Amino acid sequence: MRVAGALSGLMANRTKFQAIKGTRDLLPPDTELWNRVEQTAREVFGTFGFGEIRSPIFEPTELFARSIGADTDVVGKEMYSFDDRDETSISLRPEATASVCRAYIEHGMHAWPQPLKLYYLGPMFRRERPQKGRYRQFYQIGAEVLETVQPGQGGTKDIPKDAAVDAEVIEMVMTFFARLGLEGAQLQINSIGHAAENCRRGYVQKLKAALEKVKDNLGPDSQRRIATNPLRVLDSKLESEQAIIAGLPKISEHLCEDCAMQYAEVKRQLAMRGVKYAENWRLVRGLDYYMRTTFEITAKGLGSQNAVCGGGRYDGLVELLGGLPTKGIGFAIGEDRLILSLQEAGKGGAAAGRDVFVAWMGEKAQAAAIAATQRLRTAGFRVELPPVEQKFGKALGHADKLSARYALILGEDEVATGLWTVKTLVDGSQAKMSEAEFLEKLRNEVKK
Ligand code: HAM
């Protein structure tokens with residue numbers, strides 16, 4: 001019904017379409033940078049032993065509600081949820097950790113070599129207020145390490161191993177950022193302990209009591225969160241709350257022995273790997289599944305939405321979704337923000353254009369131009385072949401507009417002698433050469 005209504009409305013108004021608020025088209029030459037970033041992620045993650053998972057864009061709403069938490073902003077306010085025709089509720093994925101855990105259980109991946117290392121890239125959907133670096137369809141590059149606890153394993157003796165895994169995952173993101181030349185990436189870490197009375201649960205009680213005392217001086221969001229999710233108050237950016245928050249009890253002083261030991265070991269492991277970090281006791285993250293290690297990375301040039309990566313440990317999530325007791329740690333990078341930061345720093349300089357523009361005139365020259373174009377493209381060069389002949393002056397103007405590097409001029413002379421005229425467009429110099437010589441020149445001078 002709604003589709004039919006929209007159709008008749010359209011025919012009446014001839015509506016001009018625009019991308020839906022918070023979504024956007026990614027266009028060339030920017031998409032070259034997107035591809036380079038994604039290619040680099042595949043290469044770097046591959047060197048750490050990660051394989052790619054591609055999960056569906058939509059999943060049962062319940063999967064996200066149970067994983068991320070019903071009281072979180074993401075599930076409570078930001079999901080695109082709708083009833084399918086059989087009336088089951090489905091949601092566009094707001095993140096992919098829940099999907100990866102679902103897939104881990106569904107495909108019996110606990111029986112695969114452990115720990116299992118997976119990465120993903122693709123669009124996520126959250127109905128947030130759009131602003132610079134914040135979109136309703138945005139892209140993440142993420143990775144997860146999952147390991148099902150074997151009988152007789154787990155507990156305190158696993159702490160050094162878990163901490164090494166945490167540190168290696170963080171090292172991998174930092175290596176990726178360094179490979180891209182991202183400047184000013186700053187890593188912040190924290191431990192939020194685990195859900196037990198002698199650890200986070202006890203701390204949250206203390207925090208709640210402290211917050212109740214200062215309630216009247218807090219803004220409406222934080223006041224509401226005292227009841228729903230007191231840890232999130234620590235996340236507040238509200239200027240007037242900063243001094244109050246600074247005086248609140250700190251989780252690092254309330255971690256149980258194992259969690260404290262794990263946190264200390266993560267720091268030691270990071271140092272061993274030469275990964276620089278700052279501790280931030282207010283880093284609690286916005287999703288419920290986290291325990292122990294949490295981290296975020298900020299980058300330059302992004303304004304208020306400067307978190308370019310967030311992640312942490314989520315032991316227990318697979319079990320919560322019906323699987324075996326399983327440990328997990330991972331992260332997701334906001335690709336839109338990563339690209340923005342690279343572009344702001346002048347690292348986005350995608351070399352659009354063509355390597356060669358083939359300027360041809362005459363029927364015989366067209367056949368030669370097509371054959372030359374095919375061979376140059378097979379050799380991997382970007383070649384523009386105009387579909388109809390152009391006067392040489394016009395062709396060179398066209399080549400300039402496309403930022404071509406060389407114009408290959410093919411007229412009757414060139415066809416007859418087999419020697420091509422090659423014009424270098426930046427300096428206007430011109431030379432005659434054979435096809436083999438031109439290919440050699442391209443190989444030497446054009447970076448593929
Ligand atoms: P998250 O912190 O919700 O974590 O998102 C990770 C990153 O995605 C953020 O740091 C940000 O760069 C980007 N991001 C989030 N929302 C938006 C938006 N509306 N527009 C643009 N970028 C955005 C997660 O999603 C977890 N699943 C990460 C994880 C994986 N933890 C463990 N494994």
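Because the model is predicted, local features need pLDDT of at least 70 and side-chain atom pairs count only at pLDDT 80 or more, while totals for chains, interfaces and linings use all residues; side-chain values use heavy atoms, with hydrogens and water left out.

Let us begin with the ligand. It is surrounded by 27 residues, the closest being E95, E128, E144, Y290 and A307; a residue is near a molecule if one of its heavy atoms lies within 4 Å of it. Strand β10 gives the most to this shell, with six residues. Sorted by class, the shell holds 12 nonpolar, eight polar and seven charged residues. In this sorting, Ala, Val, Leu, Ile, Met, Phe, Trp, Tyr, Cys and Pro count as nonpolar, Asp, Glu, Lys and Arg as charged, and the others, Gly among them, as polar.

Several polar contacts (pairs of N or O atoms within 3.5 Å) can be picked out. An oxygen atom of the ligand lies 2.9 Å from a polar side-chain atom of R126, and an N or O atom in the side chain of R285 is 2.9 Å from an oxygen atom of the ligand. The backbone takes part too: a polar backbone atom of Y135 is 2.8 Å from a nitrogen atom of the ligand. On its own the ligand has 660 Å² of accessible area, and the protein covers 95% of it; such areas come from the Shrake-Rupley method with a 1.4 Å probe.

Next come the helices. Helix α2 (residues 30-47) packs against helix α12 (residues 335-344) at an angle of about 115°, with the axes 11 Å apart. Axes are lines fitted to C-alpha atoms over the stretch in contact, and angles run from 0 to 180 degrees between N-to-C directions. The pair α2 and α12 is therefore roughly perpendicular, a label for angles of 65 to 115 degrees. For helix α6 (residues 159-180) and helix α10 (residues 257-272), the axes come within 8 Å and cross at roughly 45°. That makes α6 oblique to α10, since angles under 35 degrees count as roughly parallel, over 145 as roughly antiparallel, and the rest as oblique.

Finally, the backbone deserves a look. Most peptide bonds are trans. The bond from P28 to P29, however, is cis, with omega near 5°, and P29 lies in the loop between α1 (2-13) and α2. Another cis peptide bond joins Q114 and P115, with omega about -10°.

Note on methods:
Residues numbered from 1 in each chain as written. Polar contact = N/O pair within 3.5 Å; in protein donor to acceptor, adjacent residues only side chain to side chain. Helix = DSSP H or I, 4+ residues; strand = E, 2+ residues; numbered from the N terminus.
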